[in-house]
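Me: I have a structure to look at and I'm new to it. Can you walk me through it?

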Amino acid sequence: MENIIELKDIHVSFEGEVILDHFNLNIKDKEFVTFLGPSGCGKTTTLRTIAGFIQPSQGKVLFEGKDITALPPHKRQVNTVFQRYALFPHYNVYDNIAFGLRISKTDEKEIAERVSEMLKLVNLKGFEKRNVTSLSGGQQQRVAIARALINNPKVLLLDEPLGALDLKLRKGMQTELKRIQRQMGITFIYVTHDQEEALTMSDTVVVMKDGLIQQIGTPEDIYNEPRNPFVADFIGESNIIEGLMLRDLLVKFEGVEFPCVDKGFGENKPVDVVVRPEDIEITEPKEGMLCGTVESVTFKGVHYEMMVRSENYLWKIHSITYKEIGTRVAMEIIPEYIHIMAKEV
Ligand SMILES: Nc1ncnc2c1ncn2[C@@H]1O[C@H](COP(=O)(O)OP(=O)(O)OP(=O)(O)O)[C@@H](O)[C@H]1O
Ligand SMILES: [Mg+2]
């Protein structure tokens, strides 16, 4: 697969504050890529740099291998959908969607055909005459997507487009967006700070923190093999505990030795150990096992969330077996569920 967008050694600062520095990223054609990271980490800045609204003071933006750094936004084959849909309130649905083609002086017959295709794509057939202010949040977002796609961009940038919707509607729109991306066969670059959203929708997730890429990978990679404690913690819930890699395939934490599947760390090396709450099995305590006392139990619908205190660590555990507060339990973890990370220096 070819790269459609390449960011090369990008530098962006605002009022002397460095936001992106030596930022490099390749985005493949027809991929659904998500920028994921906490507020202020530079997601929108990166998106606006791709769109051309921000001029980097250093570095290049390439589109299909060509340098577009100096190209203004409207000349790029890229469109943006914002969190606030920025629809024209005095226009109806049809005129909002037709806007981009009217600017480019397309003839009305072709506009009518394209608008009708777009309405079908976003499931809003029959809404042509409706005033956009009379639509629900989800419907307005569909209009915004149709409006951004009518010019046939090769890349669609979406900056937290579902942020204003309630949870149920968000879920529905996530599936819709994924379908639209497949159907159009174009690249979507999506920004969110919601890890679940990133994991469900993306081919590739780019995890960011303080303007730096922490990890790039498939949702499975990012979830199962987080590269550092930040990623582990940001992507879903995790227990992160200090351990000692005794040798290949054997790690020790909380005074107990655990066989694991990692190697190549050396002998007696301090490491961080990551275990997901759903990967710990509660059993009867026995000599030599990792044991602790249940401190709290909360019913979460599909499982109980238990906090279990061992000597130096409070474990979060998701389990379908209920144990009363104060119960002494053992925690079993199979080798595949123990993730070892080198200590950050
Ligand atoms: N035009 C601007 N002038 C000054 N500072 C800015 C400007 N735009 C962004 N910043 C700063 O740059 C940093 C990164 O902002 P950015 O909007 O890219 O973050 P983000 O990851 O999109 O965050 P959020 O999830 O809150 O939208 C922030 O500290 C922000 O205050
Ligand atoms: Mg933002």
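**Pockets, a helix and some rings**

Reply: This is a predicted model. One place to begin is the second largest pocket, which is lined by Gln-195, Glu-196, Leu-199, Thr-200, Tyr-223 and Gly-236.

Me: Which helix gives the most to that lining?

Reply: H6, with four residues. By class, the lining of the second largest pocket has two nonpolar, three polar and one charged residues.

Me: How much space lies in that second largest pocket?

Reply: About 150 Å³. The largest pocket holds about 700 Å³.

Me: OK, what lines the largest pocket?

Reply: Its lining has 25 residues, and those nearest the centre are His-74, Val-78, Asn-79, Thr-80 and Asn-151. Strand E6 (78-81), helix H2 (93-103) and H4 each supply at least two lining residues. The largest share, four residues, is from E6.

Me: And how do the residues of that lining divide, nonpolar, polar and charged?

Reply: There are 14 nonpolar, eight polar and three charged residues in the lining of the largest pocket.

Me: Switching topic. How many residues does H5 have, and how far does it reach?

Reply: H5 covers residues 167-184, which is 18 residues, and spans 26 Å from first C-alpha to last, close to the 26 Å expected. After H5 comes Gly-185, with a positive phi near 65°.

Me: Which residues of H5 are buried?

Reply: Arg-170, Met-173, Gln-174, Glu-176, Leu-177, Lys-178, Ile-180 and Gln-181.

Me: What covers them?

Reply: The cover includes strands E3 (32-36), E7 (155-159) and E8 (187-192), along with helices H3 (108-121), H4 (137-149) and H6 (195-201).

Me: Now the rings. How many aromatic pairs does the count come to?

Reply: Ten. In one of them, Phe-88 and Phe-99, the ring centres are 4.6 Å apart and the planes stand at 50°, so the pair is tilted.

Me: Where do Phe-88 and Phe-99 lie?

Reply: Phe-88 is in the loop between E6 and H2, while Phe-99 is in helix H2, so the pair ties together parts eleven residues apart in sequence. Phe-88 is partly exposed at 25% relative accessibility, and Phe-99 is partly exposed at 30%.

Me: What about Phe-230 and Phe-234?

Reply: Phe-230 and Phe-234 are a stacked pair, 5.5 Å centre to centre with 15° between the planes. They are four residues apart in helix H8 (residues 229-234), so about one helical turn separates them.

Me: Is Phe-234 buried or exposed?

Reply: Phe-234 is buried, because its relative accessible area is 16% and the cut-off is under 20%.

Me: Which residues do ring pairs link into a cluster?

Reply: Phe-253, Phe-258, Tyr-313 and Trp-315.

Technical notes: Residues numbered from 1 in each chain as written. Chains lettered and ligands numbered in written order. Predicted model: local features only at pLDDT ≥ 70, side-chain atom pairs only at ≥ 80, totals over all residues. Heavy atoms only, no water. Expected span 1.5 Å × (residues − 1). Buried < 20%, exposed > 50% of the residue type's maximum accessible area, 1.4 Å probe, protein only. Contact = heavy atoms within 4.5 Å. 1 Å grid on protein atoms, 1.4 Å probe; cavity = no way out; pocket = protein on both sides within 12 Å on 5 of 7 lines; lining within 4 Å. Points joined across faces, edges and corners; volume = space filled by probe spheres on them. Nonpolar A, V, L, I, M, F, W, Y, C, P; charged D, E, K, R; others polar. Phe/Tyr/Trp six-rings, centres within 6.5 Å; stacked < 30°, edge-to-face > 60°.
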